[in-house]
Amino acid sequence: MKNQTKAQITAAINSWAATYGVSAQVTAFNAEKANEKAAHRANVTAAVAALPNALTQVYAIVDNQNLTESGEMTQLSALFATFSHDLKNLVGAAIHQGPGSRGGM
């Protein structure tokens, strides 16, 4: 299979499905996977678009010298609760510099 193109593999799967009478199930499975991929791409694109504003908000909290550490954590937790899973991952990657570090904050 390593030397076959994706199109060749798809054709082989479709041929196998036709042979065993499961074409409808394979088509449904492929449609579901395509929908999942499209939704994931849309979610990531939205998270990337929201990243600059999210980082501005995080940095504003972290840079606020009038907060206690507890107050900072409370505000960060509340802010992160509003973020999508993908946005949380992007913000975390953007501010993380290593284990136990407060990163770029």
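Over residues 2-91 the chain is 82% helix and 0% strand, with its end C-alpha atoms 36 Å apart. Helices here are DSSP runs (H or I, at least four residues; strands are E, at least two), numbered from the N terminus. UniProt, in an unreviewed entry, lists that stretch as "domain: SXP/RAL-2 family protein Ani s 5-like cation-binding"; such annotations may be inferred rather than shown by experiment.

Keep in mind that this is a predicted model, in which local features need pLDDT of at least 70 and side-chain atom pairs count only at pLDDT 80 or more, while totals for chains, interfaces and linings use all residues. Residues are numbered from 1 along each chain as its sequence is written, and side-chain values use heavy atoms, leaving out hydrogens and water.

The average pLDDT (the predictor's confidence in each residue, from 0 to 100) is 92 for the protein, and 90% of the residues score at least 70.

Axes are lines fitted to C-alpha atoms over the stretch in contact, and angles run from 0 to 180 degrees between N-to-C directions.

| Helix pair | Angle | Axis distance |
|---|---|---|
| H2 and H4 | about 50° | 8 Å |
| H2 and H3 | roughly 170° | within 9 Å |

H2 is therefore oblique to H4, whereas H2 and H3 (residues 69-80) are roughly antiparallel. For these words, angles under 35 degrees count as roughly parallel, over 145 as roughly antiparallel, 65 to 115 as roughly perpendicular and the rest as oblique.

Contact means heavy atoms within 4.5 Å. Between H2 and H4, the contact residues include His40, Leu51 and Tyr59 of H2 and Asp86, Leu90 and Ile95 of H4. They divide into 14 nonpolar, 2 polar and 1 charged. Ala, Val, Leu, Ile, Met, Phe, Trp, Tyr, Cys and Pro count as nonpolar, Asp, Glu, Lys and Arg as charged, and the others, Gly among them, as polar.

Where H2 meets H3, Gln57, Val58, Ile61 and Val62 of H2 touch Glu72, Gln75, Leu76, Leu79 and Phe80 of H3. By class, this contact has 6 nonpolar, 2 polar and 1 charged residues.
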